[in-house]
Amino acid sequence: MLIVFGVALAGVAAEAFVPRARRYAVQTVLALVGLVGALVATVVVARGLTVHDGRARGLLTGEGTLALDGPTMFLWGLILLLAIAGVLLFAERRLEGGLSAFSGAASATPGSEAEREAAQQGLDHTEVYPLLMFAVGGMMLFPASNDLLVMFVALEVLSLPLYLLTGLARRRRLLSQEAAMKYFLLGAFSSGFFLYGSALVYGFSGSLGFSEINEAVRDNVGGSNLLLIGIGLIAVGLLFKVGAVPFHQWTPDVYQGAPTPVTAFMAAGTKVAAFGALLRLLYVAFGAEQWNWQPMLWVIAILTMAAGAVLAIAQTDVKRMLAYSSIAHTGFLLTGVLGLQTSGSLAEGQLTSLQAVLFYLVTYGFAVLGAFAVVSLVRDGGGEISELSRWAGLGKESPLLAGAFAFFLLAMAGIPLTSGFIGKWAVFTVAASAGAWPVVVAAVLFSVVAAFFYVRVIVLMYFSDPVGDGPTVTRPSLLTTGGIGVGVAVTLFLGVVPGPVLDLAAHAGDFIR
């Protein structure tokens with residue numbers, strides 16, 4: 001994590017001292033080297049973790065505010081892999097005629113003379129790379145937080161760069177800036193709820209540390225109303241980040257308006273970090289209070305799956321469709337969170353809820369990142385074509401690209417021989433074994449509904465006549481091609497041979513308490 005933040009600061013310094021013509025190359029190499037170095041360091045740290053208590057491995061550091069345990073290392077590795085793929089998409093310049101997807105003059109009014117001059121001069125905002133690195137650092141700090149105040153700081157460090165990145169699109173700038181403003185305002189409100197909830201929990205327990213909160217809950221020190229209201233308010237802040245109903249309204253607008261490389265990284269990385277933080281908070285700090293927060297999650301999970309699956313059917317824009325798909329997947333992940341059971345009630349070798357959710361995050365992260373990478377390649381003279389009707393006949397124009405997108409959609413639908421099938425099987429299994437079978441029944445039903453709009457897009461690409469001249473596909477560089485290729489490979493591998501990643505998630509063990 002220190003490597004990532006150090007590289008982010010070095011990127012800021014590069015913006016000040018490196019000549020403009022060289023910044024793109026310097027920032028790209030700096031970001032990739034930093035992320036690979038952080039990934040290697042994460043593997044080294046993970047291999048050196050020792051048994052802490054029972055199935056938990058790792059240690060508490062930062063005076064108990066950071067938990068460096070097996071699940072943290074797993075999530076860090078996944079976030080860094082997704083961030084490396086994100087940098088590859090950020091660095092793509094072939095799609096815009098030698099320029100990136102980011103505005104050349106973000107402070108200029110859309111349509112103004114200053115914007116036209118910036119476009120003519122071929123200017124680029126290379127500040128996006130240090131912003132990305134700061135967001136990655138926040139994503140790593142978020143699930144490692146063992147203290148509510150540190151978790152709030154991580155939430156802000158993760159969110160603020162994403163607010164900025166959302167508004168930096170080169171094309172359709174008004175839509176991009178509108179999305180950034182909505183994201184910022186709603187995110188500020190959700191952060192306020194989180195902080196106020198933290199204050200109430202502090203009033204109940206006398207501490208912001210997860211271990212002390214857990215002890216206060218177990219000892220039933222009194223003031224349970226204060227605790228329950230605090231849990232509810234904190235949940236608002238975290239459920240906003242994962243895009244759960246009724247805190248999902250920002251998702252389709254932001255996914256549609258943000259530059260597609262940012263959408264790809266945000267859809268994958270933010271989900272991983274936020275679910276890691278949600279798991280640690282509910283399992284470690286409020287694990288003894290699960291009989292009070294589980295009914296709330298039952299309702300939210302079902303509503304989230306319903307809203308995501310049903311509303312996605314009505315979408316005519318592929319990015320908005322994927323946004324509502326993301327909301328539905330949040331519901332499926334919450335189904336896995338409901339699978340929490342005590343260690344004594346688990347049979348030897350039985351899949352745990354933590355293991356199932358970690359595996360699902362891997363499958364979803366690479367599938368959605370690859371899907372948005374494909375979206376960035378379907379273009380015309382005005383930029384990306386995101387209207388679904390314009391995708392008709394894509395299978396004839398570019399069979400390989402349409403095949404990759406169809407494969408990602410089938411994975412999200414949970415079709416066998418894809419990673420999505422194993423992921424859904426895992427979360428449904430743990431939820432059913434914990435007694436949440438009504439949620440599992442709803443999840444299966446809404447999975448069928450979701451399969452309809454995924455298959456509809458595949459039929460549109462392969463069996464519909466193109467509108468006008470039909471869609472065109474811009475040939476990308478090796479950067480985007482590599483990102484899509486990795487997504488396809490991981491999705492296929494985990495669908496056929498899921499064992500290694502499931503074993504790795506099992507080896508990560510439990511959270512340190």
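## Strands, helices and salt bridges in a predicted model

Leu66 and Leu68 point one way from strand 3, while Ala67 and Asp69 point the other way. Every one of these four residues is buried. In a regular strand, side chains alternate between the two faces of the sheet. Keep in mind that this is a predicted model.

**The hairpin**

Which strand pairs with strand 3 over four bridges? Strand 2 does, and the two run in the antiparallel sense. Strands of a sheet pair through backbone hydrogen bonds, either parallel or antiparallel.

Strand 2 and strand 3 form a hairpin, with four residues between them. Glycine 62 sits in the turn and has a positive phi of about 60°. Glutamate 63 lies in the loop between strand 2 (56-61) and strand 3 (66-69). Its phi is positive too, at about 55°, although glutamate 63 is not a glycine. Most residues other than glycine have a negative phi. Is glutamate 63 buried or exposed? Its relative accessible area is 85%, above the 50% cut-off, so glutamate 63 is exposed.

**Another positive phi, and a cis bond**

Leucine 417 also has a positive phi, near 70°, and is a residue other than glycine. Leucine 417 lies in the loop between helix 16 (399-413) and helix 17 (419-433). At 58% relative accessibility, leucine 417 counts as exposed.

A further backbone feature is the peptide bond from valine 245 to proline 246. This bond is cis, with omega near 5°. Most peptide bonds are trans. Where is proline 246? Proline 246 is in the loop between helix 9 (224-242) and helix 10.

Three strands make an open sheet in the order 5-4-6, with antiparallel pairing. Strand 5 (383-384) and strand 6 (472-473) are the edge strands, and each pairs on one side only. Strand 4 (residues 378-380) is joined to strand 5 by two bridges, and these strands run antiparallel.

**Two helices side by side**

Now look at helix 11 (residues 260-285) and helix 14 (residues 353-375). Their axes come within 8 Å and cross at roughly 170°. Angles over 145 degrees count as roughly antiparallel. Helix 11 and helix 14 are therefore roughly antiparallel to each other.

Which residues of helix 11 and helix 14 meet? Helix 11 brings residues including Ala264, Ala268, Val272, Phe275 and Tyr283. Helix 14 brings residues including Leu354, Val357, Leu361, Val368 and Phe372. Thr260 and Lys271 in helix 11 also take part, as do Ser353 and Gly365 in helix 14. The residues of this contact divide into 14 nonpolar, four polar and one charged.

**Salt bridges**

How many salt bridges does the structure hold? It holds five. Side chains of opposite charge can pair when their charged atoms come close.

| Residue | Partner | Distance |
|---|---|---|
| Glutamate 15 | Arginine 23 | 3.6 Å |
| Glutamate 178 | Lysine 182 | 2.8 Å |
| Lysine 182 | Aspartate 253 | 3.0 Å |

Take the pair of glutamate 15 and arginine 23. Glutamate 15 is buried, with a relative accessible area of 13%. Arginine 23 is buried as well, with a relative accessible area of 16%. The cut-off for buried is under 20%.

Glutamate 178 and lysine 182 both lie in helix 7 (residues 173-205). They are four residues apart, about one turn of the helix. Glutamate 178 counts as partly exposed, at 40% relative accessibility. Lysine 182 is partly exposed too, with a relative accessible area of 30%.

Lysine 182 also forms a salt bridge with aspartate 253. Lysine 182 lies in helix 7 and aspartate 253 in helix 10 (residues 250-257), so this pair ties together parts that are 71 residues apart in sequence. Which residues are linked in a network of salt bridges? Glu178, Lys182, Asp253 and Arg320 are.

Terms used: Residues are numbered from 1 along each chain as its sequence is written. This is a predicted model: local features need pLDDT of at least 70, side-chain atom pairs count only at pLDDT 80 or more; totals for chains, interfaces and linings use all residues. Side-chain values use heavy atoms; hydrogens and water are left out. Axes are lines fitted to C-alpha atoms, for helices over the stretch in contact, and angles run from 0 to 180 degrees between N-to-C directions. Angles under 35 degrees count as roughly parallel, over 145 as roughly antiparallel, 65 to 115 as roughly perpendicular and the rest as oblique. Contact means heavy atoms within 4.5 Å. Ala, Val, Leu, Ile, Met, Phe, Trp, Tyr, Cys and Pro count as nonpolar, Asp, Glu, Lys and Arg as charged, and the others, Gly among them, as polar. Two strands pair if DSSP finds at least two bridges between them. A salt bridge is a side-chain nitrogen of Lys or Arg within 4 Å of a carboxyl oxygen of Asp or Glu. Buried means under 20% relative accessible area, exposed over 50%, partly exposed in between (1.4 Å probe, protein chains only).
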